[in-house]
Structure formats: C-alpha cells, structure tokens
Amino acid sequence: MPLDFRAETLLAAQDIRVAFFDVDGVLTDGGVYFSEHGETLKRFGILDGYGLKLLREAGIVPAVITGRDSKPLRIRLEALGIQHVRYGTEHKLPAAEAMLASLGFDWTQAAAIGDDWPDLPVLARVAFAAAPANAHVEVRAIAHHVTAARGGEGAAREFCDLLLTAGGHYRRLLDRARGLAA
C-alpha cells in the first residue's frame, strides 16, 4: 500500500528541519524488560531506525529526548549515528529548547513524536506533532498526525516517511535505494 498522507498534514510538515523523538513508546513498544541479572533490555524496530537514518540523509536532524538512560539505548542511538540526545530528563521542553538553540533552529522548524504526558510540552510547541496509535489519549488529542502503527512497531518510521514526503525528499531517496539515481 503506497504512502497516503492528507494534503493538510503534508503542508503542516513541509518546513521541518529537526525532529524530536521520545524513546519508550515511540522507538520501543514501551515495555521495559529485565534479564535475570537485572539488566535492562529494549526492543527496537529496524524499520524505525532506518527512518532516522533517512532523515539525516535528507538534512532533517533527528534528536532524541528521553526520560530514561540505559546502555542498550546508548548503543542503539550510537549505531544510528544520532548525535543530538538528552538522556534521563523528565523536563523535555528545556532540553528541546537547548537543542534548537544549539542547532540554530526555532519551533517553526521542529516536529516531534511522543506518546505520554512528559512529551506534551514539546508536542504543544512544535510546528508538527505526531503520536503513535497507542499513545495516551491526551497526546493523540493534540497531535497533527496519529500514526497507523504502534510505538516500536513502525510509528517512528511512519513519522519519518511523512516528514520525508512533506519535505520533498522521499522520492529521491527511494529512487536512490532502487538504484535509479546517483
């Protein structure tokens, strides 16, 4: 099934230069798994990770702001080449403001995807807000776009594909992947 985003949605997302991602409930399914030795385990979707890489290739900066910090998370974000990360913060708005300032962007150039109350301040400020299908009702209520996919199961990729389509990058990147363009 081809991508099919509403015209109003694409217009709202066309000038995005930075995209903020929550982790638990967006890049993961929101579950926290512990091994018998007390190690934290997380499951990340490969499609979601590739979407973040595509954003970088298109010149859209992926940034992560998360309330948790763990070795598996750091390993995954490093493997994806995500350079703008704030770990272990429940106060995401100041973290997002600092990232925007350091990147030279403002709120009109920012998008975000989150799933729960700690994400609300950032989602309320960005030009384009998204939520996974299984996000809390209050988050879905303020989102410009609610993904068909659930967190950890393609929601982040759908958000990335939307931003790539809105910014006019999707076809070029797809053609390159197919070997049709340099």
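Predicted model: local features only at pLDDT ≥ 70, side-chain atom pairs only at ≥ 80, totals over all residues.
**Exercise 1.** Find which residues line the largest pocket, and sort them by class.

*Solution.* Start with the space itself: the largest pocket has a volume of about 220 Å³. Next, look along its lining, where you will meet Asp-22, Asp-24, Thr-66, Gly-67, Arg-68, Glu-90, Lys-92, Asp-115, Asp-116, Pro-118 and Asp-119.

**Exercise 2.** Work out how helix H2 is placed against helix H8.

*Solution.* First locate the helices: H2 covers residues 46-58 and H8 covers residues 170-177. Then take the geometry: the two pack at an angle of about 110°, with axes 11 Å apart. Angles of 65 to 115 degrees count as roughly perpendicular, so H2 is roughly perpendicular to H8. The crossing of H2 past H8 is right-handed. Now zoom in on the contact: Leu-54, Glu-57 and Ala-58 of H2 meet Arg-172, Leu-173 and Arg-176 of H8. The residues of this contact comprise three nonpolar, three charged and no polar ones.

**Exercise 3.** Describe the cavities of 30 Å³ or more.

*Solution.* Begin with the count, which is two. The largest cavity holds about 70 Å³ of space, and its lining includes Phe-20, Ile-113 and Leu-123. Strand S1 (18-21), strand S6 (110-113) and helix H5 (120-125) each give two or more residues to that lining. By class, the lining has seven nonpolar, one polar and three charged residues. Now turn to the second largest cavity, with about 50 Å³ of space. Among the residues lining this second cavity are Leu-27, Phe-44 and Arg-76; the whole lining divides into three nonpolar, two polar and two charged.

Note on methods:
Residues numbered from 1 in each chain as written. Heavy atoms only, no water. 1 Å grid on protein atoms, 1.4 Å probe; cavity = no way out; pocket = protein on both sides within 12 Å on 5 of 7 lines; lining within 4 Å. Points joined across faces, edges and corners; volume = space filled by probe spheres on them. Nonpolar A, V, L, I, M, F, W, Y, C, P; charged D, E, K, R; others polar. Axes fitted to C-alpha atoms, helices over the stretch in contact; angles between N-to-C directions. Helix = DSSP H or I, 4+ residues; strand = E, 2+ residues; numbered from the N terminus. Parallel < 35°, antiparallel > 145°, perpendicular 65-115°, else oblique. Left-handed = near helix turned anticlockwise from the far one by under 90°. Contact = heavy atoms within 4.5 Å.
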